[in-house]
Amino acid sequence: MILSVILSIVFYLIYVNIIGTAFQRLFPSMGRIGIFLILTTCLLGSYVNIPLKRYSTTRPQLTIREVSAFGITYPVPNIHMGRFETLLALNVGGALVPTVASIYLLTQLPTNMLPNLGIALLIVTAIVRFVSRPIQGMGIIVPILIPPAISSLAALVFGGDFSHIIAYVSGTLGTLLGADILNLNRILNLGAPIISIGGAGTFDGVFLAGVFGVLLA
């Protein structure tokens with residue numbers, strides 16, 4: 001048990017140091033306190049959702065009714081149209097903070113690199129859209145290793161000296177677009193009580209795409 005605790009602390013420190021290194025590469029002028037605030041906002045903000053709009057959908061629902069006859073109970077299925085309320089929200093740590101950070105990084109990118117960024121963003125968006133899967137009652141699930149791998153490869157090919165910026169922007173925005181925005185119509189029909197853009201199954205992909213995409217690039 002002692003060894004497990006020690007190893008957990010060591011791995012946590014390594015993890016925090018890796019993330020800190022990536023953010024220092026992206027925001028060199030902010031210093032340690034600024035990096036800490038950004039990192040803390042991303043992690044704690046993943047638990048905060050800003051309500052945007054409430055949707056009401058109608059879809060078939062299966063219920064089981066039990067009927068007893070001569071001492072034997074029979075299950076009787078019944079299908080009826082049920083009405084479901086779905087709240088569309090914006091996740092602070094998985095959508096708002098990465099979007100604001102990406103807008104800031106775009107101001108640091110030369111104009112001649114914008115077409116390269118557009119190509120990288122298009123590639124990440126298309127692949128994430130292809131691999132994302134809708135899960136009934138939950139939302140969209142994205143394999144967490146694919147966004148950082150694709151964004152880092154795209155940044156290495158199209159980024160040049162600004163590969164770290166292209167890796168972050170294409171990785172975070174590409175994951176948000178491919179997983180949530182382009183799947184919005186499918187998400188609203190999954191019967192989940194709350195759909196959070198950048199939350200749940202998308203947050204890991206967005207966060208890791210930004211951090212490890214920068215490191216790999």
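**Close-ups of helix α6 and its neighbours**

**View 1. How α4 and α6 cross.** The axes of helix α4 (residues 114-131) and α6 come within 8 Å and cross at roughly 40°. Axes here are lines fitted to C-alpha atoms, for helices over the stretch in contact, with angles from 0 to 180 degrees between N-to-C directions. That angle makes α4 oblique to α6 (under 35 degrees is roughly parallel, over 145 roughly antiparallel, 65 to 115 roughly perpendicular, and the rest oblique). This is a predicted model, where local features need pLDDT of at least 70 and side-chain atom pairs count only at 80 or more, while totals for chains, interfaces and linings use all residues. Residues are numbered from 1 along each chain as its sequence is written, and side-chain values use heavy atoms, leaving out hydrogens and water.

**View 2. Who touches whom between α4 and α6.** On the α4 side, look for Asn116, Leu117, Ala120, Leu121, Val124, Thr125, Val128 and Arg129. They meet a run of α6 residues, including Ile166, Val169, Leu173 and Leu177 (contact means heavy atoms within 4.5 Å). By class, this contact has 10 nonpolar, seven polar and one charged residues.

**View 3. α5 against α6.** Here the axes of helix α5 (residues 146-158) and helix α6 (residues 163-181) come within 8 Å, crossing at roughly 140°. So α5 and α6 are oblique to each other.

**View 4. Residues between α5 and α6.** Pro147, Ser151, Ala155 and Phe158 are the α5 contributors. Facing them in α6 are Ser163, Ile166, Ala167, Ser170, Gly171 and Thr175. The tally for α5 with α6 is five nonpolar, five polar and no charged residues.

Notes. Helix = DSSP H or I, 4+ residues; strand = E, 2+ residues; numbered from the N terminus. Nonpolar A, V, L, I, M, F, W, Y, C, P; charged D, E, K, R; others polar.
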